[in-house]
Amino acid sequence: MTFETNQEVRFVTSVYGKKYGGMLLALLYSIRVSNPKAKATIFWRDVSKTTRLLEQVFPEFEFINISHSIKGIFIDRIAHKTVLWAEAARRHVGENLIFVDVDMLVRKDIQPFFKESFDIAFTYKDNEVYPINTGTFLTKSTKGIEEFFNNWKEETARITHDPELLRQATTQLYPYGAPDQMAFYTMIGYEKGKVEYTVSLSGGTLRCKGFPCELLNETNSVPISEDVSILHYKGGWHDILLDAGDFTIRRPKEKSWEMYVFYMSMYQQAVVHAEKMLHTKISPRAFGIKRHFYLSYDLKESQFLRSVFIVLEKIMMPVRVFIDRVQRKFFS
């Protein structure tokens with residue numbers, strides 16, 4: 001049931017809008033240093049001119065312009081990635097694929113996971129409200145992968161456009177968290193404690209296997225384990241990394257610090273690589289990632305500047321709340 005393959009892997013990710021260029025730079029650099037033989041396909045649309053320079057920074061990777069518009073509410077845009085994943089499965093038949101969100105960093109060689117018995121690998125965390133997180137997928141060069149992703153795309157669209165199903169997909173009363181996660185959950189018939197599944201297709205069956213998020217998709221703010229291969233800087237991490245915002249109750253400084261320093265270190269190395277490839281000096285902020293001003297370039301913390309930062313955050317908080325309310329009222 002498998003195609004002939006040289007066992008090399010290809011990463012697939014996507015980005016749209018001008019905000020996430022720095023995250024894309026950090027992700028691609030992390031892939032380059034952790035999986036130097038890997039290929040990569042990047043789907044993008046409406047990115048900044050600076051972000052488009054990444055085609056020159058990573059000439060070994062494939063960048064594909066998304067031809068169709070991506071509109072709608074935030075949750076609808078997130079669910080749209082199933083459309084892109086289905087396109088990637090169509091384009092790269094016969095390859096081992098690693099699908100990742102743009103707000104991730106790859107720490108280790110992923111190829112050893114492909115020695116496991118599966119056609120599709122996903123990640124789960126049974127101890128949380130939403131047990132499945134679709135930030136990472138691994139697929140082998142198996143016939144039927146394209147059909148599976150098309151089915152997932154269609155089921156996600158059905159949920160997104162049905163008000164009641166969309167409510168179920170996004171409320172904590174159900175174990176889904178998003179339309180694409182609800183679709184995948186129901187397609188495999190997910191059960192807590194079960195890691196292997198069989199999915200029937202028109203031309204046969206596929207084997208799905210779950211791996212703990214702690215290995216392939218660490219979404220929590222925790223000290224970095226030697227076993228984790230991919231870190232996922234989702235949710236509240238975006239304000240911290242993109243806007244130099246303060247740590248939060250869900251992303252507390254004492255638990256998040258190691259992951260934060262690792263991200264900033266990887267990003268700074270990525271900027272140096274970009275400078276070498278582009279033969280020009282680049283401001284670290286040019287791609288959108290902002291280092292806290294109380295940190296030196298070598299990521300040493302000044303306690304005095306940290307205290308100043310906390311005072312400024314308290315002063316600015318009401319302003320941010322006001323701006324957020326205005327944006328929600330007039331621009332949502």
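Colleague: At what angle do the axes of helix α1 and α11 cross?

Modeller: Axes here are lines fitted to C-alpha atoms, for helices over the stretch in contact, with angles from 0 to 180 degrees between N-to-C directions. Helices (H or I, at least four residues) and strands (E, at least two) are DSSP runs numbered from the N terminus. In this predicted model, where local features need pLDDT of at least 70, side-chain atom pairs count only at pLDDT 80 or more, and totals for chains, interfaces and linings use all residues, the axes of α1 (residues 21-34) and α11 cross at roughly 85 degrees and come within 9 Å. Residues are numbered from 1 along each chain as its sequence is written, and side-chain values use heavy atoms, leaving out hydrogens and water.

Colleague: How is that angle to be classed, and which residues meet?

Modeller: Angles under 35 degrees count as roughly parallel, over 145 as roughly antiparallel, 65 to 115 as roughly perpendicular and the rest as oblique. The α1 helix is therefore roughly perpendicular to α11. Contact means heavy atoms within 4.5 Å. On the α1 side, G22, M23, L25, A26, Y29, S30, R32 and V33 take part, and they meet Y263, M266, Y267, Q269, A270, V271 and H273 of α11.

Colleague: What classes of residue form the contact of α1 with α11?

Modeller: Ala, Val, Leu, Ile, Met, Phe, Trp, Tyr, Cys and Pro count as nonpolar, Asp, Glu, Lys and Arg as charged, and the others, Gly among them, as polar. By this scheme the contact of α1 with α11 has 10 nonpolar, 4 polar and 1 charged residues.

Colleague: How do α6 and α8 pack?

Modeller: Helix α6 (residues 145-160) and helix α8 (residues 179-188) have axes 8 Å apart, at an angle of about 125 degrees. That angle makes α6 oblique to α8. The contact joins F148, N151, W152, E155, T156, I159 and T160 of α6 to P179, D180, M182, A183, F184, T186 and M187 of α8. Its residues comprise 8 nonpolar, 4 polar and 2 charged.

Colleague: Which residues other than glycine have a positive phi, and where do they lie?

Modeller: Most residues other than glycine have a negative phi. D46, in the loop between β2 (39-45) and α2 (49-52), has a positive phi near 60 degrees. D46 is partly exposed, with a relative accessible area of 45%. H279 has a positive phi of about 55 degrees and is placed in the loop between α11 and α12 (303-331). At 72% relative accessibility, H279 counts as exposed.

Colleague: What does D109 touch?

Modeller: Not counting residues up to four places away in sequence, D109 touches S34 and N35. The C-alpha atoms of D109 and S34 are separated by 5.6 Å, although these residues are 75 residues apart along the chain.

Methods
Buried means under 20% relative accessible area, exposed over 50%, partly exposed in between (1.4 Å probe, protein chains only).
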